[in-house]
Amino acid sequence: MAGKAGVSGGESWHTGAAFADYDNDGWLDLFVAGYVVFDVNSAKNYQPLCNYRSMPTFCGPRGFRGAPHFLYRNNHDGTFSNVTEKAGVSNKESYYGLGVLFQDFDGDLLPDILVANDACFNYFYRNQGDGTFKEDALMRGIACCRDGTEQANMGLAVGDYNNDGKPDVFITTYSEDHYTLYENQGRMFDDVTREAGLYYPTLPLMGWGTFFLDFNNDGLQDLFAANGHIFPEVDKHFKDSTYKQHLLLFENSGTEKFRDVSKTAGLSNLEPHVARGAAAADFDNDGKIDIAVANLDDVPTLLNNRVQSENHWLRVRTVGTRSNRDGIGARIEVTTGNLKQVAWVHSGGSFLSQSDIRPHFGLGSFDRVTSLKVYWPSGAVDSISNIKGDADIAIQEGKGLIPKAR
C-alpha cells in the first residue's frame with residue numbers, strides 16, 4: 001500500500017527510516033534517508049576501482065550523487081504528503097545517508113532528526129517547531145568525531161548511558177576506524193569514545209546494527225554492535241581483519257566507562273557472520289532483553305539472554321490519546337531508591353532495523369518502582385507511584401496505569 005499511501009519513494013536508493021510526530025498533531029509522520037543515486041553512466045569523477053590497503057576494491061559511494069531524503073507528513077486519512085523541501089531536510093549536500101532516528105535531543109518536546117552519513121559528516125536536523133528543520137550537526141558537535149575527520153557512519157543508537165537525563169548517541173563506523181560515543185551535554189555533544197574505553201575494541205571491526213540495552217538489568221545502559229566487513233577478499237590479504245566478524249557487547253561499569261564482555265557473555269565463541277541489521281526485544285517475555293541479528297547471505301542469529309541475575313526489571317508500553325497512539329516521542333522517568341533512569345519511546349536507529357519500542361528498565365536490587373513519570377509529546381504528564389517490578393505495564397495518556405492489552 002506504499003503507492004496508495006504516497007510513500008513509495010520513486011526510483012531512489014533509500015535506507016534508514018523512522019516514524020515520529022514531528023509537528024505534534026497527534027499523528028505519526030515518516031522520514032526516509034537517501035543513500036546514492038546509482039547510475040554508472042552519469043557518475044562524476046568516479047573511479048570504479050580503488051586500492052584499499054593495496055588491495056583492489058570497489059571505491060564506495062564517493063563520486064555518486066547522494067539520493068534525496070523524504071519527509072512525509074501524515075494527512076490523517078491513511079495517506080502522506082511529501083513536505084521534504086518545505087521542511088528543509090532534502091539532503092542539499094548530497095551526502096550518503098544510512099542510519100536514521102528521531103529523538104528530542106534538547107528537551108523542547110520536538111523530535112529532531114539524526115542521520116548517519118557514509119563517508120561524510122552526519123546530519124543533525126533540529127526541529128524548529130514551525131514545520132521546518134535547521135541542519136546543525138557541526139555546531140552541535142555531532143557531525144564528526146573529535147579529530148574533525150569524516151567517518152563512514154552506518155548504525156545509530158540512542159540512550160542515556162550516564163543516567164544524567166539526556167540522550168547520548170553511539171555510531172558504528174568502518175573498519176580501522178573507531179565507533180564513536182557522543183555524550184549529550186545539553187546544547188552540544190562531546191566525543192568521549194576514548195574516555196569510555198570504546199576506542200581500541202572497536203577499531204579493527206566494521207559496525208552496523210547497534211543499540212543501548214540493559215542486558216543484566218542493573219539500571220545501566222550497555223552497548224551492542226553487530227559487525228561484518230564488506231570485502232570478502234580481506235581474508236586472503238590481511239592478518240588483522242576478517243570478512244566474518246564477531247558480535248560486540250560492552251557492559252556499562254557505572255563510572256562512564258564500558259568494558260568488553262563479548263567473550264564472557266559467549267558472543268566471541270559463536271560462529272562469526274557478516275552481520276548487518278540488529279534489533280533488541282524480550283521475545284520470550286522473561287524480563288531479559290534478547291537480540292536478533294540479520295546476517296548477509298546467511299540465516300539470522302537469535303540470541304536468547306540467559307544471564308544469571310537476581311536483578312529486577314520493568315517494561316512500559318505507552319498509549320497516546322492526545323499524542324500519537326503509540327506514544328512515540330514520550331519521555332519516561334523511573335525512580336527506584338537512589339537510582340533514577342530516563343528512556344524515550346522512539347522509532348528508528350540501529351541499521352535498517354527496529355527494536356521493540358517499549359522502554360525496558362533494569363531496576364537492580366529494587367523490586368518496586370518508587371515513582372514513574374511519562375512526559376507525553378502533547379505536554380501532558382502522567383505520574384504513578386509504587387509500581388511492582390518484574391512486569392510489563394501500560395500507561396495511557398491522561399489515565400495512567402491501565403490493564404495491559406495482549
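Modeller: Start with Trp 13, which counts as partly exposed.

Biologist: Why is Trp 13 called partly exposed?

Modeller: Buried means under 20% relative accessible area, exposed means over 50%, and partly exposed is in between (1.4 Å probe, protein chains only). Trp 13 has 42% relative accessibility, so it counts as partly exposed.

Biologist: What should I know about the source of these values?

Modeller: This is a predicted model, where local features need pLDDT of at least 70, side-chain atom pairs count only at pLDDT 80 or more, and totals for chains, interfaces and linings use all residues. Residues are numbered from 1 along each chain as its sequence is written, and side-chain values use heavy atoms, with hydrogens and water left out.

Biologist: Is Tyr 35 buried or exposed?

Modeller: Buried, because its relative accessibility is 12%.

Biologist: How many aromatic pairs does the structure hold?

Modeller: It holds 16. One of them joins the rings of Trp 13 and Tyr 35.

Biologist: What makes Trp 13 and Tyr 35 an edge-to-face pair?

Modeller: Rings of Phe, Tyr and Trp (its six-membered ring) pair if their centres lie within 6.5 Å; planes under 30 degrees apart count as stacked, over 60 as edge-to-face and the rest as tilted. Here the centres are 5.1 Å apart and the planes lie at 70°, so the pair is edge-to-face. It also links distant parts of the chain, 22 residues apart. Trp 13 is in the loop between α1 (2-5) and β1 (14-20), and Tyr 35 is in the loop between β2 (29-34) and β3 (36-37). Those labels follow DSSP runs, numbered from the N terminus: helices are H or I, at least four residues, and strands are E, at least two.

Biologist: Which residues form one aromatic cluster?

Modeller: Phe 31, Tyr 95, Phe 102, Tyr 123 and Tyr 125.

Biologist: Where does the charged end of Arg 194 sit?

Modeller: Over the ring of Tyr 199, 3.8 Å from its centre. The test asks that NZ of Lys or CZ of Arg be within 6 Å of the ring centre and within 35 degrees of the ring normal. Arg 276 has its charged end over the ring of Trp 208, 4.1 Å from the centre.

Biologist: What does Phe 351 touch?

Modeller: Among its contacts (heavy atoms within 4.5 Å) are Trp 208 and Arg 276, as well as Leu 98 and Met 154. That count leaves out residues up to four places away in sequence. Phe 351 lies in the loop between β26 (339-344) and β27.

Biologist: Why is Phe 351 called buried?

Modeller: Its relative accessibility is 7%, so it counts as buried.

Biologist: Now the charges. How many salt bridges are there?

Modeller: The structure holds 15. Side chains of opposite charge can pair when their charged atoms come close.

Biologist: What makes Arg 73 and Asp 23 a salt bridge?

Modeller: The term needs a side-chain nitrogen of Lys or Arg within 4 Å of a carboxyl oxygen of Asp or Glu. Arg 73 and Asp 23 meet at 2.7 Å, N to O. Arg 73 is in strand β7 (residues 70-74), and Asp 23 is in the loop between β1 and β2, 50 residues apart. Arg 73 is partly exposed at 30%, and Asp 23 is partly exposed at 24%.

Biologist: What does Arg 126 pair with?

Modeller: Asp 108, with the closest N and O atoms 3.6 Å apart. Arg 126 is in strand β11 (residues 123-127), 18 residues from Asp 108.

Biologist: Which residues are linked in a network of salt bridges?

Modeller: Asp 282, Arg 315, Asp 356, Arg 358 and Asp 392. Within it, the closest N and O atoms of Arg 358 and Asp 356 are 2.7 Å apart.

Biologist: How do you know that strand β17 is largely enclosed?

Modeller: Seven of the seven residues of β17 (residues 207-213) are buried, so the rest of the structure largely encloses it. Five bridges join β17 to strand β18 (residues 222-227), and the two run antiparallel. Strands pair if DSSP finds at least two bridges between them. Phe 212 has Leu 223 in β18 as its bridge partner.

Biologist: What is the order of the open sheet of four strands?

Modeller: β27-β24-β30-β31, with mixed pairing.

Biologist: What makes β27 and β31 edge strands?

Modeller: β27 (360-364) and β31 (400-402) each pair on one side only. Four bridges join β24 (residues 312-319) to β27, running antiparallel. In β27, Phe 361 is the bridge partner of Leu 314.
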